[in-house]
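Me: Could you walk me through how to read a nonpolar core and a salt bridge in a model like this one?

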Amino acid sequence: MSSPAVAYARENHPRFLNELKDLLRIPSISTLPENKADCRRAAEFLLAELTHIGFEHAKLLETEGNPLVYADWLHADGKPIALFYGHYDVQPTDPEDEWLSPPFEPTERDGNLYGRGTCDDKGQVWAQIKALESLMAAN
């Protein structure tokens, strides 16, 4: 028997996956000046999602480089505070000819999802956000 949060995550898996693909399509290559706007767009995507699932004080924190995404939910009195960290930027895709599919068009093959940032680190960030969504929806 699964918990309500796990049941919610399983029920919403197709949506979670499609949302991840939308995030992966953003070419947020932080080392290329021509992708600066894409980095901001990825940050805004995450900010909007955190707000949507119920986090508070959600904002972009401006830096000399790309913005940081911050949000909190501090309503578990007497419980420890957990900090989640990840990054939404990705590395360049060179050499492009070694990709089996376009790096910013997420592609499913043999039960795996391929695309720049799928593992490092957009996939991890999205998994954390969706786990928090599942916990908040179930509780």
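This is a predicted model: local features need pLDDT of at least 70, side-chain atom pairs count only at pLDDT 80 or more; totals for chains, interfaces and linings use all residues.

Me: Which residues touch the most other members of the largest nonpolar core?

Reply: In soluble globular proteins, nonpolar side chains tend to be buried together. A nonpolar core here is a set of buried Ala, Val, Leu, Ile, Met, Phe, Trp, Tyr and Cys residues joined through side-chain atoms within 4.5 Å; buried means under 20% relative accessible area, exposed over 50%, partly exposed in between (1.4 Å probe, protein chains only). Of the 20 residues in the largest core, L23, L46, F55, Y88, W126 and I129 touch the most other members.

Me: Where is I53, and is I53 buried or exposed?

Reply: I53 sits in the loop between α3 and β1 (56-61); helices (H or I, at least four residues) and strands (E, at least two) are DSSP runs, numbered from the N terminus. I53 counts as buried because its relative accessibility is 11%.

Me: What does R15 form a salt bridge with?

Reply: A salt bridge needs a side-chain nitrogen of Lys or Arg within 4 Å of a carboxyl oxygen of Asp or Glu. R15 pairs with E19, their closest N and O atoms being 3.0 Å apart. The two are 4 residues apart in helix α2, so about one helical turn separates them.

Conventions
Residues are numbered from 1 along each chain as its sequence is written. Side-chain values use heavy atoms; hydrogens and water are left out.
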